[in-house]
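Okay, everyone, thanks for coming. Let me put the structure up, and then I'll walk you through a few spots in it.

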Amino acid sequence: MAKLQFIDAVQTDDLVRLQDLIDSRANVNEQDEHGWTALNWAAGKGNPAIVQLLVNNGADVFNAGRDQRTPYTIALAAGHVEVLDILQNAEVKIAGQRSQREELKYCRAFPVGQLRQFVEWSAIEENPALAGRRALTNEEFLFVHHDYSVTDSMWHNENVILDQPTSAWKEFCTNELGFTVPNEIELIRSNINESFPTTI
């Protein structure tokens, strides 16, 4: 197989050579034997300058190799936040909206005492479907999920306490609990901040 110039330049972080290839009108979307382009490789390496240069010059942000991973999903797996921002913006610009992705499954634990501040919570705990269930203490934790359901387990749809959230419950979760479902980039940023806390 002939040497793939764009991919080789990305693998060696050669920004000057990439610009020369672009200026010579070489094929920015050449693919290797796995169906990856230079942008797929750049997304994994995480160099924002190279990713931006490729995006600005016609690299296909939706190209999926044989593994079905786009540049965005590759950067996500590698945790390259700056690159994710560039790719997400490019996807929106091209497609008019963020490309369709599987819904992010997310939950957050809250003490029962905090959930009991919801004016209709007693009706939730008195639900006949929960008859025979042990009584909850204020100090125990329950899990609010991405669809605002509540469980006694971090697993969605397991040990369900509330499965038909009302608009009042959703409003309580948002306004009183501060519950929102982060996107993938926000999750990575929060993990980075927890791993490397800023100091003053």
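This is a predicted model: local features need pLDDT of at least 70, side-chain atom pairs count only at pLDDT 80 or more; totals for chains, interfaces and linings use all residues.

Let's start with Asp 13, which is partly exposed at a relative accessible area of 41%. Residues are numbered from 1 along each chain as its sequence is written, and side-chain values use heavy atoms, leaving out hydrogens and water.

So which residue does Asp 13 form a salt bridge with? That's Lys 45, and the closest N and O atoms are 3.8 Å apart. A salt bridge here is a side-chain nitrogen of Lys or Arg within 4 Å of a carboxyl oxygen of Asp or Glu. This one links distant parts of the chain: Asp 13 sits in the loop between α1 and α2 (15-23), Lys 45 is in helix α3, and they are 32 residues apart. Helices are DSSP runs of H or I with at least four residues, strands are runs of E with at least two, and both are numbered from the N terminus. Lys 45 counts as partly exposed too, at 37%.

The structure holds four salt bridges. Among them is Asp 8 with Arg 17, where the closest N and O atoms are 2.6 Å apart; Arg 17 is partly exposed, at 24%. Asp 67 and Arg 69 also meet in one, 3.0 Å from N to O. Asp 67 comes out at 38% relative accessibility and Arg 69 at 32%, so each counts as partly exposed.

Back to α3, residues 38-45. Buried or exposed, what are Ala 38, Leu 39, Asn 40, Ala 42 and Ala 43? They're buried. What covers the buried residues of α3 includes α1 (5-11), α4 (48-56), α5 (71-78) and α6 (81-95). After α3 comes Gly 46, with a positive phi near 85°.

Now the rings. There are eight aromatic pairs in the structure. Rings of Phe, Tyr and Trp (its six-membered ring) pair if their centres lie within 6.5 Å; planes under 30 degrees apart are stacked, over 60 edge-to-face, and the rest tilted. Phe 118 and Phe 172 make a tilted pair, 5.3 Å centre to centre with 45° between the planes. Phe 118 is in the loop between α7 (112-115) and α8 (121-125), and Phe 172 is in helix α9 (residues 167-175), 54 residues apart. Phe 118 is buried at 6%, and Phe 172 is buried at 9%.

Phe 172 also pairs with Trp 169: the centres are 5.6 Å apart and the planes at 25°, so this pair is stacked. Because they're three residues apart in α9, about one helical turn separates them.

Last stop, the strands. Two strands pair if DSSP finds at least two bridges between them. β1 (residues 107-111) and β2 (residues 141-145) pair in the antiparallel sense over five bridges, and Phe 110 has Leu 142 as its bridge partner in β2. β2 also pairs with β3 (residues 150-151), antiparallel again, over two bridges. Their hairpin has four residues between the strands, and Tyr 148 there takes a positive phi near 70°. Tyr 148 and Phe 110 also belong to one aromatic cluster, together with Tyr 106 and Phe 179.

Methods. Buried means under 20% relative accessible area, exposed over 50%, partly exposed in between (1.4 Å probe, protein chains only). Contact means heavy atoms within 4.5 Å.
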